[in-house]
Amino acid sequence: MHRRKIIIDTDPGQDDAVAILLALASPEALEVLGITCVAGNVPLPLTEKNARIICELAGKPDVKVFAGCDRPLARKLVTAEHVHGKTGLDGPVLPEPTMPLQADHAVDFIIKTLRSEPSGTVTLCPLGPLTNIATAFQKAPDIAARVGEIVLMGGAYFEVGNITPAAEFNIYVDPEAADIVFKSGAPITVMPLDVTHKALVTKERNDAFRALKTPVGVAVAEMTEFFERFDREKYGSPGAPLHDPCVTAYLLQPDLFTGRHINVEIETQSQLTLGMTVADWWGVTDRAPNALFIGDLDADDFFDLITKRLARL
């Protein structure tokens, strides 16, 4: 299998944590060049700290972690402590990180990496608001053409919104950044709520994490138990959706997912539908397709993949 070079751009978040752990457990397939952090689920000082906590939980303290943008391009930061708890990683009790934060700004690291690696060989994996990616594209317009692929978690169409009636959280937090990224011309694959809401951590699936009887397995079980209380109450579902691991799982096993190559545009003006991903699923416009918009996955095989990979850590 071709080893893919990736940068994980993230705002951890319990589901971000599982996505990162899945990547770090798959070194034969994924080379994590660095983890760049952005404000989103919680403010930046917590997201960069949480990313380092996760790396140390995985036994990978050599991973380079960078702090990035602490606010959206043009708006006040909206956070999601009501879902993820005050730390962003509420649930397990995990030690403070000892590994260093890198001195470079995340945006500069993204630019430098895309310019130094062969064109088309680096995949960007945004799991939170797209502020860092958009800022890098604004600061260095030449790098968009060098991106191999952007595989992101964000947006929704049939599942509409989870932070407003029309918008998914990651896109809503910084719609201007999302607009820049979706118009960049880089190849984009989107994991919207339409697919992530089918990746439910049922009791049986969470029991399988705990049954690993490792620090990682137990921590993941405790994380998902914490944040599922919010989604179970909200959606009446049998468990919480594991949003962000869909990105990593797609890199590892794309045949688990199905979708359509369509046009996706971001609403940045309307008070009513700000941050909406206007996805032309039915092809009713003449707007050119700019993203592979995923709509379904094999949930059983998805959780089997995650459980087997987490067992390696």
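A cavity is a set of points, on a 1 Å grid over the protein atoms alone, where a 1.4 Å probe fits but cannot get out, and its lining residues have an atom within 4 Å of a point. The structure described here is a predicted model, in which local features need pLDDT of at least 70 and side-chain atom pairs count only at pLDDT 80 or more, while totals for chains, interfaces and linings use all residues. Residues are numbered from 1 along each chain as its sequence is written, and side-chain values use heavy atoms, with hydrogens and water left out.

**Enclosed spaces**

Rolling a probe the size of a water molecule over the atoms shows where empty space is left. The count comes to two cavities of 30 Å³ or more. A volume is the space filled by probe spheres set on the points, and grid points are joined across faces, edges and corners.

| Cavity | Volume | Lining by class |
|---|---|---|
| Largest cavity | About 240 Å³ | Eight nonpolar, six polar and seven charged residues |
| Second largest cavity | About 40 Å³ | Six nonpolar, one polar and no charged residues |

In these classes, Ala, Val, Leu, Ile, Met, Phe, Trp, Tyr, Cys and Pro count as nonpolar, Asp, Glu, Lys and Arg as charged, and the others, Gly among them, as polar.

The second largest cavity is lined by Ile6, Ile8, Cys125, Leu127, Val247, Thr248 and Leu251. Its largest share, three residues, comes from α11; β1 (4-10) and α11 (245-252) each supply at least two residues. Such helices (H or I, at least four residues) and strands (E, at least two) are DSSP runs, numbered from the N terminus.

Around the largest cavity there are 21 lining residues, of which Asn41, His84, Asn162, Phe169 and His243 lie nearest its centre. The elements giving two or more residues to this lining are α1, α3 (81-84), α6 (169-173) and α10 (215-235). The largest share, four residues, comes from α10.

**Buried and exposed residues**

Buried means under 20% relative accessible area, exposed over 50%, and partly exposed in between (1.4 Å probe, protein chains only). Helix α1 (residues 14-24) is largely enclosed by the rest of the structure, because eleven of its eleven residues are buried.

Ile143, in the loop between α5 (131-139) and β5 (147-153), is buried, with a relative accessible area of 0%. Ile143 and Gly120 are 23 residues apart in sequence and 10.0 Å apart in space, C-alpha to C-alpha. Val284, by contrast, counts as exposed at 70% relative accessibility. Val284 lies in the loop between β11 (277-279) and β12 (291-297).

Key: 1 Å grid on protein atoms, 1.4 Å probe; cavity = no way out; pocket = protein on both sides within 12 Å on 5 of 7 lines; lining within 4 Å.
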